Amino acid sequence: MKRSDRNRFPDPILVTSTGALADTVARLRQEPFVTIDTEFVRERTYWPELCVVQLGGAHEVAVIDAQADGIDLAPLGELLDDLAVVKVFHAARQDLEIFLHRFERLPASLFDTQVAAMVAGFGDQVGYDSLVSALTGGQIDKAHRFSDWSARPLSPAQIAYAAADVTHLRDVYVKLRERLEREGRLEWVAEELASLTDAATFRPDPDTMWERLRPRTGNRRMLGILRAIAAWREREAQRVNVPRQRLLKDESLLEIAATAPADAEALGRIRGVSRGFAEGRSGSGLLDAVAAGRALPEASLPLAPRKDGPRPSPALVSLLKVLLAAKCEQHDVAPRLVASSEEIDRLATESEPDIPPLHGWRREVFGADALALRSGSVSVGVDGKRIRLIRS
């Protein structure tokens, strides 16, 4: 934080015991909202390892050492469950994944200032430091962004850095909420936050992981094996708590699906598979998954990836993107929040696809005019330095 900010924000307290955490949570549960952030490490594990939790209240800032000896985070879970207290995050997805894994449930009453900032016209995925600067004039010290948060003891500089994330966030939340209330856009934010209240958002289905590999084959038997072994890899990576790519790389997975090894010797000849892996417990489980894929009846095999449909007209796609940019400029909202490139392609090729830009507030901002542009009932012109619609 800047020197002037230190006088404005309370000094952070370091919480290292269950009792101190319970006392802190009891006070914070009396407030209408609490700002939250986490520090974690994940380079060597499948599940993020929670190291620090920061809580910002009106009169106190707590930096919770989640790895302190004997600490029980159950009181934190009670705060996260409290419907009466809004939990304010910035770019909440990773924090929410951590809490879901730790408490087996997602926090209640969420607000994500990154989502809100996109609705309020601050651009696509605006960074926290940029948002703090724009709304409060404050500055975030980035010196400890890449600290090893699992190392102990935490330094005074680390504690101050962690605290700054949630102190500035209080001002950001208040200013964003006031702006969105004035503009009648809080419902837009609520619609965007709906996915963050669904545990499935953070728990990928192992049986669909094969689709991420984008296999370029129409061989349904190979696809059946790939589905089986990709699901095995996901579950095994969770079991041994290592990143899926560290357990077995995508390239090796695709080669295994193509060659369908039947024993450890054949598996060990696959590039990227060591003999120790092939002959161990993981190798045995992988071979079982290969065998399960080979034994699937034809009717149970996955369909080959759908061939690309008609290619959209590049000119029409470009025109729709111009319209999107113009409408988002008019309404002061981030284009990425309104329509993706894939959705623009579908608008250019399908009569009225079931996509978000054609529902709710997005249809009002962009979707209805996009359909009108495609049908020829409106056209795009230039009025001085701005794009405008010309209606027939």
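Ala-260 sits in the loop between H11 and helix H12 (264–268), where helices (H or I, at least four residues) and strands (E, at least two) are DSSP runs numbered from the N terminus. Phi of Ala-260 is near 50°, a positive value in a residue other than glycine. With 15% relative accessibility, Ala-260 counts as buried; here buried means under 20% relative accessible area, exposed over 50%, and partly exposed in between (1.4 Å probe, protein chains only).

This is a predicted model, in which local features need pLDDT of at least 70 and side-chain atom pairs count only at pLDDT 80 or more, while totals for chains, interfaces and linings use all residues. Residues are numbered from 1 along each chain as its sequence is written, and side-chain values use heavy atoms, with hydrogens and water left out.

Turning to the overall picture, the protein has 18 helices and eight strands. Its C-alpha trace spans about 70 × 65 × 35 Å along the principal axes, and 46% of the 392 residues count as buried.

The UniProt annotation "domain: HRDC", from an unreviewed entry, covers residues 219–300; UniProt positions are given in the numbering used here, feature names are shortened, and annotations may be inferred rather than shown by experiment. Over residues 219–300 the chain is 73% helix and 0% strand, with its end C-alpha atoms 13 Å apart. Helix H9 falls in this stretch of the description. At the start of H9, a side-chain oxygen of Asn-219 comes to within 3.0 Å of the backbone nitrogen of Arg-221. Just after H9, Asn-241 takes a positive phi of about 60°.

Salt bridges come next, each defined as a side-chain nitrogen of Lys or Arg within 4 Å of a carboxyl oxygen of Asp or Glu. Side chains of opposite charge can pair when their charged atoms come close. The structure holds 26 salt bridges. One of them joins Arg-233 and Asp-250, whose closest N and O atoms are 2.9 Å apart. Arg-233 lies in helix H9 (residues 220–240) and Asp-250 in helix H11 (residues 250–259), so this pair ties together parts that are 17 residues apart in sequence. Arg-233 is buried at 5% relative accessibility, whereas Asp-250 is partly exposed at 22%.

Another salt bridge is formed by Glu-192 and Arg-362 (2.1 Å, N to O). This pair links distant parts of the chain, with Glu-192 in helix H8 (residues 186–193) and Arg-362 in helix H18 (residues 360–375), 170 residues apart. Glu-192 counts as buried at 17% relative accessibility, and Arg-362 counts as buried at 7%.

Arg-27 and Glu-60 also form a salt bridge, their closest N and O atoms being 2.8 Å apart. Here too distant parts of the chain are linked: Arg-27 is in helix H2 (residues 18–28) and Glu-60 is in the loop between strand E3 (49–56) and strand E4 (61–65), 33 residues apart. Arg-27 is partly exposed at 40% relative accessibility, while Glu-60 is buried at 14%.

Asp-82, in the loop between helix H3 (74–81) and strand E5 (86–89), is buried with a relative accessible area of 13%. The side chain of Asp-82 makes a polar contact with that of Arg-29 (2.9 Å); such a contact is a pair of N or O atoms within 3.5 Å, where within protein one must be able to donate a hydrogen and the other to accept it, and residues adjacent in sequence count only if both atoms are side-chain atoms. Phe-103, in helix H4 (residues 93–103), is buried as well, with a relative accessible area of 12%. The C-alpha atoms of Phe-103 and Leu-80 are separated by 9.5 Å, and these residues are 23 apart along the chain.

As for the backbone, a cis peptide bond with omega of about 5° joins Arg-152 and Pro-153. Pro-153 is found in the loop between helix H6 (128–136) and helix H7 (156–182). Arg-214, in the loop between H8 and H9, has a positive phi of about 50° although it is not a glycine. At 70% relative accessibility, Arg-214 counts as exposed.
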